[in-house]
Amino acid sequence: MRHLFLFLPLLIPLVTAVLGLLAWNKPRLQRMLGVCGTATLLASAAALLVTVLKEGIISAQAGNWPAPFGITLVADIFSALMVLAAGVMGLAVSIYSLADTDRHHESVGYYPLLQVLLLGVCGSFLTGDLFNLYVWFEVMLIASFVLLAMGGRREQMEGAIKYVALNLIASAFFLAGIGLLYGVVGTLNMADLAVRLRAVPHVGTVPVIAVLLFCAFSIKAAVFPFFFWLPASYHTAPVAVITIFSALLTKVGVYVLIRIFTLIFIQETSTGQPVILAATIFTMMAGALGATAQPELRRILTFCVVSQIGYMLMGLGIMTPLALAGSIFFMLHIIAAKSALFLSTGIVSRLTGTTELARLGGLYHKRPLLAALFLVPALSVAGIPPLSGFWGKLALIQAALGTGHYLTVTVALGVSILTLYYLVRAWSEIFWKKRQGTDNDEYHHVSPTHRRQMLVPTVLLASVSLLMGIAAEPVFRLSLLAARQLLDPGSYISAVLGVRP
Amino acid sequence: MESVLAVVIGGLYAAGMYLMVRRSIIKMIFGLALLGNAANLLIFTVGRLTRGRPPHVLPGELMPSLPVADPVPQALILTAIVIGFGVQAFALVLIKRVYQSVGSDDQDDLVAENRPGGEE
């Protein structure tokens with residue numbers, strides 16, 4: 001029964017995608033399948049998290065091949081939390097897409113592709129084998145390529161070319177790293193790798209492989225200096241697509257970085273700490289400075305995605321339980337808050353037909369609720385108490401102060417102020433300032449059904465962020481448990497290989 | 001044999017990287033294909049080259065008599081080739097669409113229009 005919970009987050013999106021493809025000419029059925037499928041995925045992810053909390057780390061061997069030989073699926077608290085986040089995001093975006101997806105996207109298979117994307121994401125979170133991880137990455141990538149390019153407009157093509165090229169380079173690096181690692185160690189099972197690599201001091205090839213993999217996943221996670229593809233491509237896609245990309249794809253990169261550098265390359269993590277922290281600092285700054293300079297809402301938010309990646313890496317750079325827990329909490333927070341921000345941007349753009357700050361304005365008079373809906377996640381991302389961003393940053397900064405990383409603390413706080421500045425500026429430009437030229441309400445009409453379908457997921461995600469702030473204690477305790485598990489690779493290894501090494 | 005393959009892999013990586021930094025999108029896709037092939041050959045080579053010793057288990061025995069060729073790298077390469085094939089097919093369709101909408105395969109022309117001062 002417990003093994004079933006490990007396979008369900010993969011089976012459900014797969015079955016939904018196949019059913020969706022079978023219903024190719026029936027968009028109504030595809031829409032229904034999308035919402036039902038992601039709702040089931042969310043339920044199964046919740047069941048997985050409960051099981052992991054009750055029984056500790058669980059693992060299953062595909063095809064019943066014993067551990068280092070077959071393909072292993074593993075779930076610890078960290079991966080179960082991430083699968084849960086994927087489920088929440090899948091459901092929210094599926095509902096939002098009901099209102100926001102045009103005929104063209106539906107006719108070329110938007111809904112089944114969304115499921116394939118979720119399949120790849122859940123697979124990456126649950127796999128315990130490095131090569132299998134590569135396969136899940138490719139599943140996720142090919143779905144994201146098509147989702148990004150399917151609009152067919154010129155700027156989308158431009159964005160898609162950059163996205164495809166950079167991600168394929170990252171995949172080639174990843175594959176080379178896997179090959180070299182197999183040549184040196186002779187296994188690709190992550191638990192087995194951890195066992196074999198921790199007995200010996202890492203010299204020669206192993207640190208090089210660690211760097212190669214760090215670069216590969218840094219490209220995927222949009223870490224400085226590999227982040228430039230993200231602001232160049234994300235903003236061209238429809239809002240629902242950017243939301244799920246920014247919520248899940250970069251987080252998969254961060255997840256894998258945290259996973260392999262706490263499990264396999266522990267020695268490199270301590271020697272490479274200055275490098276990771278430098279990458280953290282520059283990622284935060286580059287994203288925040290880029291966002292400050294942008295005149296268009298979607299570009300501001302994509303730079304903001306980059307900037308927040310820096311905070312998630314901070315925990316890996318510091319490597320104490322508190323810091324890692326802060327990173328995990330921050331990941332959960334940013335998935336909810338940033339997505340709420342993107343979705344409310346989508347509503348603004350639907351109402352006004354533009355996302356350029358210069359042409360927006362005065363929306364507060366007509367839509368005060370929407371103004372609040374944008375402001376809550378914006379303040380949360382900036383880290384204003386009592387919203388969720390505050391607690392994530394508090395834990396990270398406390399951990400950094402405790403270990404004497406004062407420069408990182410300074411930058412993290414400075415970037416928070418910049419984040420507050422550019423988000424609040426965007427808010428006042430959209431809602432507060434007088435709209436140029438037209439002063440009568442020329443907003444596009446949105447039918448009540450569509451309005452509900454767009455508002456429900458946005459309100460849901462914004463309230464998740466609010467709740468995570470007000471009731472931070474249980475979520476933080478969960479993150480702390482997950483961090484303790486990550487810092488004790490023995491429990492992971494024994495769950496996979498069956499023996500305490 | 002390893003040294004020959006090492007040189008080939010190095011050459012493929014160099015050629016792939018060179019093609020990727022060219023402005024032509026077609027060359028970029030070729031570069032990606034070469035990078036993929038280089039990675040595959042790399043897996044093949046570092047997985048140890050063993051000639052003429054297939055990992056067959058003879059009747060009545062429990063394991064093949066050592067040394068044998070490691071089948072795992074070959075399985076990995078096979079998977080990687082299939083994935084690479086799919087991804088490259090997609091990339092080719094994508095550049096065809098780009099060519100249709102831009103009318104050029106120069107990456108500079110992609111951005112020239114929506115940036116003031118982008119063209120020389």
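This is a predicted model: local features need pLDDT of at least 70, side-chain atom pairs count only at pLDDT 80 or more; totals for chains, interfaces and linings use all residues.
A:P386 belongs to the loop between helix 17 and helix 18 (388–402) of chain A.

## Residues with positive phi

A:M319 is a residue other than glycine with a positive phi, near 60 degrees. Its place is the loop between helix 14 and helix 15 (321–352) of chain A. A:M319 counts as buried because it has 20 C-beta neighbours inside 10 Å.

In chain B, B:R48 is not a glycine either, yet its phi is positive, at about 70 degrees. B:R48 lies in the loop between helix 2 and helix 3 of chain B. With 14 other C-beta atoms within 10 Å, B:R48 is partly exposed.

## Chain A as a whole

Chain A contains 22 helices and two strands. Its C-alpha atoms fill a box of roughly 70 × 55 × 40 Å along the principal axes. A compact globule of 501 residues would have a radius of gyration near 23 Å, and the 22 Å of chain A agrees with that.

Of the 501 residues in chain A, 63% are buried. Among contacts in chain A with a separation of 6 or more, 80% are between residues 24 or more positions apart.

## Helices 11 and 14 of chain A

Helix 11 (residues 239–263) and helix 14 (residues 297–318) of chain A have axes that come within 11 Å and cross at roughly 20 degrees. The two helices of chain A are therefore roughly parallel. Their crossing is right-handed.

On the helix 11 side, the residues that meet helix 14 are A:I242, A:S246, A:T250, A:V254, A:L257, A:I258 and A:F261. Helix 14 contributes A:R298, A:V305, A:I309, A:M312, A:L313 and A:L316. By class, the residues of this contact are 10 nonpolar, two polar and one charged.

## Helices 17 and 19 of chain A

The axes of helix 17 (residues 368–382) and helix 19 (residues 406–432) of chain A come within 9 Å and cross at roughly 170 degrees. This pair in chain A is therefore roughly antiparallel.

From helix 17, A:A371, A:F374, A:L375, A:A378, A:V381 and A:A382 take part. They meet A:S416, A:T419, A:L420, A:L423, A:V424, A:W427 and A:F431 of helix 19. The contact has 11 nonpolar and two polar residues, and no charged ones.

A:S465 is part of helix 20 (residues 448–470) of chain A. It is buried, since 27 other C-beta atoms lie within 10 Å.

A:S465 and A:L332 are 133 residues apart along the chain, while their C-alpha atoms are separated by 8.9 Å. Apart from neighbours within four places in sequence, the contacts of A:S465 include A:H333, A:A336, A:A337 and A:A340. Also among them are A:V376, A:P377, A:S380, A:L387 and A:S388.

## Contact between the chains

The contact between the two chains takes 24 residues from chain A and 27 residues from chain B. On the side of chain B, two or more residues come from each of helix 2 (25–46), helix 3 (71–102) and helix 4 (107–112). Helix 3 of chain B gives the largest share of that side, 14 residues. The side of chain B that touches chain A divides into 20 nonpolar, six polar and one charged residues.

Definitions and conventions. Residues are numbered from 1 along each chain as its sequence is written. Chains are lettered from A and ligands numbered from 1 in the order in which they are written. Axes are lines fitted to C-alpha atoms, for helices over the stretch in contact, and angles run from 0 to 180 degrees between N-to-C directions. Helices (H or I, at least four residues) and strands (E, at least two) are DSSP runs, numbered from the N terminus. Angles under 35 degrees count as roughly parallel, over 145 as roughly antiparallel, 65 to 115 as roughly perpendicular and the rest as oblique. A crossing is left-handed if the near helix is turned anticlockwise from the far one by less than a right angle, and right-handed if clockwise. Two residues are in contact if their C-beta atoms, placed from the backbone, lie within 7 Å. Ala, Val, Leu, Ile, Met, Phe, Trp, Tyr, Cys and Pro count as nonpolar, Asp, Glu, Lys and Arg as charged, and the others, Gly among them, as polar. The radius of gyration is taken over C-alpha atoms; the globule rule is 2.2 Å times the number of residues to the power 0.38. A residue is buried if 20 or more other C-beta atoms lie within 10 Å of its own, exposed if 12 or fewer, and partly exposed in between; C-beta atoms are placed from the backbone.
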